[in-house]
Amino acid sequence: RNASSPVTRLSAAGSMARAEPAVTSARIGDYPDKSRFVLDMTEAVNFSVFSLADPYRIVIDLPEVDWRIDPRKPVKSRLITGFRYGLFKPGTARVVLDIAKPVAVARRFELPPGHGRSHRLVLDLVPTTRAAFMKSVGPPLGERTARATEVPPPPPRKPSPPRDGRH
C-alpha cells in the first residue's frame, strides 16, 4: 500500500480506517508472441506469481483487495481459457488463470497511473514446453524456503560392538 495515498473510509464505529486496494477490471491482450493479463487497481500492491500443473494454472497472490470486476465480462485468449479470483485466506487475495497449454511468465510488473489509466499489474505469458513449465511449478520461492531448509533428523545410530572382543 502506498503511504502517500490517503485513501480512507469511515468504519461502522465512526473512526477513519484505511480502505483496501481495489481491483477494478481485468483484461487480456493477445499478441503474436504472447498473451498479456492486466489487472487495473486503485493502488500499487506487492504480489507474487507461481505455477500449478495438471491442469495448467498461473496463480497471482495479492494483499486482500476489494473486487470490483464485472463477473459477466468474459476474459479469454489463446493461452488463457478463463480465470477466477477471491479471498484465499485472511490478508491474501488470489487470482487463478486457467491456461490452455504450458506457459512461462516472461515478464511480471506494475505500471503507475497515467494517460487516464489506474495502477496496473501486468503478466506476459509465452508458450513453453511441458518440461520447462514443470520446473517452475510450486509456491513462490519465499514459501518454498521453509521446507527446503528443514533438516531431516539423523538416522538412528547402530549400537557399536563391544571393544573387548567378547562379542
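The legends below accompany several close-up views of a predicted model.

**View 1. Overall make-up of the protein chain, with 2 helices and 11 strands.** Followed along the sequence, the elements of the protein chain come in the pattern β-β-β-β-β-β-β-β-β-β-β-α-α. Among contacts between residues at least 6 apart in sequence, 56% join residues at least 24 apart.

**View 2. An open sheet of 4 strands in the order E5-E6-E9-E8, paired in antiparallel fashion.** The edge strands, each of which pairs on one side only, are strand E5 (48-52) and strand E8 (80-89). On average, and with direction ignored, neighbouring strands of this sheet are turned by 20° against each other. Strand E6 (residues 57-63) and strand E9 (residues 92-99) run antiparallel and are joined by 7 bridges, and Ile-58 stands opposite Leu-97 in E9.

View 3. Asp-124 counts as buried because its relative accessibility is 2%, which is under the 20% cut-off. Leaving aside residues up to four places away in sequence, Asp-124 touches Lys-34, Ser-35, Arg-36, Ala-104, Val-105, Ala-106, Arg-107 and Phe-109.

**View 4. The salt bridge between Asp-124 and Arg-36, whose closest N and O atoms are 2.6 Å apart.** This pair links distant parts of the chain, with Asp-124 in strand E11 and Arg-36 in strand E4, 88 residues apart. Arg-36 is buried, with a relative accessible area of 18%, and Asp-124 is likewise buried, at 2% relative accessibility. Lys-34, Arg-36 and Asp-124 are linked in a network of salt bridges.

**View 5. The salt bridge in which the side chains of Asp-40 and Arg-27 meet, at 2.3 Å from N to O.** Asp-40 belongs to strand E4 (residues 34-41) and Arg-27 to strand E3 (residues 22-31), so the pair ties together parts that are 13 residues apart in sequence. Asp-40 counts as buried at 9% relative accessibility, whereas Arg-27, at 24%, counts as partly exposed.

**View 6. The salt bridge between the side chains of Arg-68 and Asp-66, at 3.0 Å from N to O.** Arg-68 counts as partly exposed at 48% relative accessibility, and Asp-66 is also partly exposed, with a relative accessible area of 31%. The structure holds 8 salt bridges, and the Arg-68 and Asp-66 pair is one of the salt bridges shown in these views.

Note on methods
Residues numbered from 1 in each chain as written. Predicted model: local features only at pLDDT ≥ 70, side-chain atom pairs only at ≥ 80, totals over all residues. Heavy atoms only, no water. Buried < 20%, exposed > 50% of the residue type's maximum accessible area, 1.4 Å probe, protein only. Contact = heavy atoms within 4.5 Å. Pairing = 2+ DSSP bridges. Axes fitted to C-alpha atoms, helices over the stretch in contact; angles between N-to-C directions. Salt bridge = Lys/Arg side-chain N within 4 Å of Asp/Glu carboxyl O.
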